[in-house]
Amino acid sequence: MGASAIHSAEDARRLARRRLPWMVFDYIDGSAGSEAGAARNRAALDATTLRPRILQDVSQRSLATTLFGQTAQRPFGIAPMGMCNLSAPGADLMLARLAARHSIPLGVSTVASTPMEEIIVEAEGNAWFQLYFSGDGSGTVKLVERAKAAGYDTLVLTVDVPEVGRRPRELRHGFRMPFRIGPRQFIDFALHPRWSLTSLAHGRPQMANFLMEGYEFDRTESRAKATWETLARLRDQWGGRLVVKGVLDVEDAIALKAAGVDAIQVSSHGARQLDSAPSPFQMLPEIRKAVGADFPLFYDSGLRTGEDVTKALIAGADFTFFGRILLFAIAAAGEAGLQQLWDVLSDEMSITMAQIGACSPGDLR
Ligand SMILES: Cc1cc2nc3c(=O)[nH]c(=O)nc-3n(C[C@H](O)[C@H](O)[C@H](O)COP(=O)(O)O)c2cc1C
């Protein structure tokens, strides 16, 4: 069974669950706390309906949209995720090729498992560097310079991780980076030989941006020192586009716009941070209202289908991002699985638009 068994994101998740060690599946799938936040956002998306409209000519449809003045072939891209190569060896570069094929942005995490320089080449420039402010900020400044030298023109500053959220499913397996193989992990890996033989044969996935001399990152180090002053300094240092990701509050959104950022990404970090945070999907219309019709507003968290993307665009997003489901597709069936899920999501969205009388993402606003 391979890629052809994937007809929905849930199919990919089910197949990935079989193949991945528990530790890796729960790192990807798990959310913060009791996971009520994840459920709350899903409930909000599921409770939202789309009204079918009839007898419109919807024969000529396109999913293309404009993003920062350029054409993206889909109104959805790839959210930055750390340690993607845990899903399968080479996952970062599979995502990069996907981004290149569809001219959509790939978020490259600070804690990516492939060096940022390699990813942007493979993505043919369709890559944005995601930044965590960490420790006293000196390492952060160096990373910004390095991203610039590597050719990145868009930075995504993630602001919803002053401390890494407690994700019990991840903690239970002793997940940490670099991971240790104690008795517990040994059993887990032995019971998932297909993953273990391929992944461990390629060497343990690492935080690849920190293998170079002079760069260090402790995933658990506090990121709590970042302030509005830090943002102002970054805005001065960085001449390229600056997206701020992880915004759920109207006042914060207004202040970010005033601080000169180029876009805001409404996100709950896929429910991995504050369990009690409001549903990001529910905050989207309020934040859209606050920043005005023309300000670039992006959305991620909890999206599982092309219908979900349609709802997010109607709710006020200009562009959206998928996260964990793409890693499940890779774990399930490699690069073919990833492309298959991408085609499923694209089909879902195109068919949804036809059913509600829309021919392009622009019609949804
Ligand atoms: C395994 C995993 C790792 C992630 N790592 C990062 C990261 O390094 N930086 C970041 O800004 N967001 C990270 N995120 C959050 C995603 O960018 C995104 O906000 C989230 O996955 C969207 O929700 P979804 O998975 O429900 O689609 C991560 C998410 C997952 C699932």
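Q73 touches L63, A64, H102, S103 and I104 when residues up to four places away in sequence are not counted, contact being taken as heavy atoms within 4.5 Å. The model is a predicted one, in which local features need pLDDT of at least 70 and side-chain atom pairs count only at pLDDT 80 or more, whereas totals for chains, interfaces and linings use all residues. Residues are numbered from 1 along each chain as its sequence is written, and side-chain values use heavy atoms, with hydrogens and water left out.

Q73 itself is placed in the loop between β2 (70-72) and β3 (76-78), where helices (H or I, at least four residues) and strands (E, at least two) are DSSP runs numbered from the N terminus. With a relative accessible area of 35%, Q73 is partly exposed; buried denotes under 20% relative accessible area, exposed over 50%, and partly exposed the range in between (1.4 Å probe, protein chains only). Between Q73 and I54, 19 residues apart in sequence, the C-alpha to C-alpha distance is 26 Å. S103, one of the residues touched by Q73, is located in the loop between α4 (91-102) and β4 (106-108). Although S103 is not a glycine, its phi is positive, at about 50°, and its relative accessible area of 27% makes S103 partly exposed. A positive phi, of about 65°, is also found at A271, which is not a glycine. A271 is placed in the loop between β8 (263-266) and α12 (280-291) and, at 10% relative accessibility, counts as buried.

A further loop position is that of S134, between β5 (127-131) and α6 (138-150). S134 has a relative accessibility of 10% and counts as buried, and its contacts, leaving out residues up to four places away in sequence, are with T140, F217, E221, S222 and R223. S134 and V108 are separated by 26 residues in sequence and by 17 Å in space, C-alpha to C-alpha.

Helix α14 (residues 324-355) takes part in two of the helix pairs described here. The axes of helix α13 (residues 306-314) and α14 come within 7 Å and cross at roughly 55°, axes being lines fitted to C-alpha atoms, for helices over the stretch in contact, with angles running from 0 to 180 degrees between N-to-C directions. The two helices are therefore oblique to each other, given that angles under 35 degrees count as roughly parallel, over 145 as roughly antiparallel, 65 to 115 as roughly perpendicular and the rest as oblique. The contact is formed by G306, E307, V309, T310 and L313 of α13 together with L345, E348, M349 and T352 of α14. By class, the contact of α13 with α14 comprises 4 nonpolar, 3 polar and 2 charged residues, where Ala, Val, Leu, Ile, Met, Phe, Trp, Tyr, Cys and Pro count as nonpolar, Asp, Glu, Lys and Arg as charged, and the others, Gly among them, as polar.

For helix α2 (residues 22-29) and α14, the axes come within 9 Å and cross at roughly 155°, which makes α2 roughly antiparallel to α14. This contact involves F25, I28 and D29 of α2 and R324, L327 and F328 of α14; by class, the contact of α2 with α14 has 4 nonpolar, no polar and 2 charged residues. A354, also found in helix α14, touches V58 and R61 when residues up to four places away in sequence are not counted. A354 and L131, 223 residues apart in sequence, lie 38 Å apart in space, C-alpha to C-alpha.

R169, in helix α7 (residues 168-172), is buried, with a relative accessible area of 16%. Leaving aside neighbours within four places in sequence, R169 is in contact with F25, D26, D29, G30 and E35, and the side chain of R169 makes a polar contact with the side chain of D29 at 2.6 Å. A polar contact is a pair of N or O atoms within 3.5 Å; within protein, one must be able to donate a hydrogen and the other to accept it, and residues adjacent in sequence count only if both atoms are side-chain atoms. R19, placed in helix α1 (residues 9-19), counts as partly exposed at 23% relative accessibility. The side chain of R19 reaches the backbone oxygen of A332 at 3.0 Å, and R19 touches H192, R194, W195, A331 and A332, not counting residues up to four places away in sequence. The C-alpha atoms of R19 and Y215, which are 196 residues apart along the chain, are separated by 33 Å.
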